[in-house]
Amino acid sequence: METIEDVIIVGAGLCGLATALGLHRKGVKSVVLESSEVLRAAGFAFSTWTNAWKALEALGIADELRQHHLRLEGLGIYTATAGAITYQIPFKTSEGPEMRCVRRDLLLETLAKELPSDTIRYSSKVVLIEESGNLKVLHLSNGSTLKTKVLIGCDGVSSVVSKWLGLKKPSFAGRSATRGFTEFPDGHGFNPEFVQLFGQGFRAGIMPCDEKSMYWYFNWSSSSKDKEMEKDATKMRQFVITKMQEANVPHNFIQLIEKSDMGDSVSFPLKFRWPWELLWRNICKGNVTVAGDALHPMTPELGQGGCAALEDAVVLARCLAQALKGNDNGDAKEDEYVRVKSGLENYVAERKWRDFDLVFTSYVFGSIQQGDNAFTRFLTEKMLVGIMARTKIKKTYYDCGKL
């Protein structure tokens, strides 16, 4: 007899695995389809703020991850005009935000090992989605097909599930990004703080993951002239170093970049979904929805892309598990499709305004911060940098709740 899965999640990235784990904690089995042959941790690391730690606590893996990552003690903002750190916010342990720079590979491995061994199916790329009654039929690139009662797209900015829902392709923000990771066997000696750097047409950040590793990123206003260095790590590294030298960035930061691993993806365009699409378009349709970057690709000014994906996962798992199991009023015999549809609509209702806020604020801040003219640099460095930093931190106090 043909097997019909209860839940299929497309994409074994951060959001996909977190959603699967949330469902697993609630007693709901899911299958995660991953197009690659192994887990892929693109991007080295990401800033993990208080709201993300609340989500990780709900998933039951926060304490294990805390053991491997330093809690950062503050945010410092360096501006090229001043040639120094001009604004600082200390993170008081008892009152301030909890921020750590979490390695993506460790996070994915931690999520995966908490799941049943048959949850993730590798080399399973979805190429077509069809309907069969209330079921969704997934056609894979290897010629096989799968049927499912619920389909969740956690398949990133190029999501096949988002396309099926009718969401538009993410838009180019006019900026590009590169990043790197540096390991110091004998210790790096940097302070446990997040340093943001603002220069002419660029924004960068440097922070430690632990006592022996550092993560950095660099975003800039890109042009057609940048094409030749997009896939050349040597040229890209020199471009970043030159920009930082022009901004009089401290030499130890530049040395860190000189020694770093930039990975296989040397640079990439920053994309985002126009925020009003989250309000006007179909985020769910019947028994299909999306989460993470498939739902709300955003520019990185707030450092909330990965954090919001974890929030999505907890809320989605909670709403869907309740729908699949029925509620306390004995409605388990109610038509399952109707319950699933209602559960996904509840998820969307809870998430769309939060995601709208993060996408919109990130885009506005990015447009201001990377304006490549004297007026916008003056406005940012002299008047807005403190407001933006405080707003950034305020967004981190959101609580997605328990499973």
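Modeller: Before we start, two strands pair if DSSP finds at least two bridges between them, and strands (E, at least two residues) and helices (H or I, at least four) are DSSP runs, numbered from the N terminus. This is a predicted model, where local features need pLDDT of at least 70, side-chain atom pairs count only at pLDDT 80 or more, and totals for chains, interfaces and linings use all residues. Residues are numbered from 1 along each chain as its sequence is written, and side-chain values use heavy atoms, with hydrogens and water left out.

Biologist: Thanks! How many bridges join strand β1 to strand β10?

Modeller: Look for β1 at residues 4-10 and β10 at residues 145-153. These two strands run parallel, and Glu-5 stands opposite Thr-148 in β10. The number of bridges joining β1 to β10 is six.

Biologist: Which residue in the turn between β9 and β10 has a positive phi?

Modeller: β9 and β10 form a hairpin, with four residues between them. In that turn, a positive phi of about 95° belongs to Gly-143.

Biologist: Which residue of β17 stands opposite Leu-151?

Modeller: Strand β17 spans residues 288-290 and runs parallel to β10, with three bridges between them. Opposite Leu-151 you will find Val-288.

Biologist: Let's turn to helix α4. Which of its residues are buried?

Modeller: Buried means under 20% relative accessible area, while exposed is over 50% and partly exposed is in between (1.4 Å probe, protein chains only). Helix α4 runs over residues 104-113, and its buried residues pack against elements including α1 (14-25) and β6 (100-103). The buried residues of α4 are Leu-107, Leu-108, Thr-110, Leu-111 and Ala-112.

Biologist: And what share of the whole protein is buried?

Modeller: The protein has 11 helices and 17 strands. Of its 403 residues, the buried share is 55%.

Conventions:
Contact means heavy atoms within 4.5 Å.
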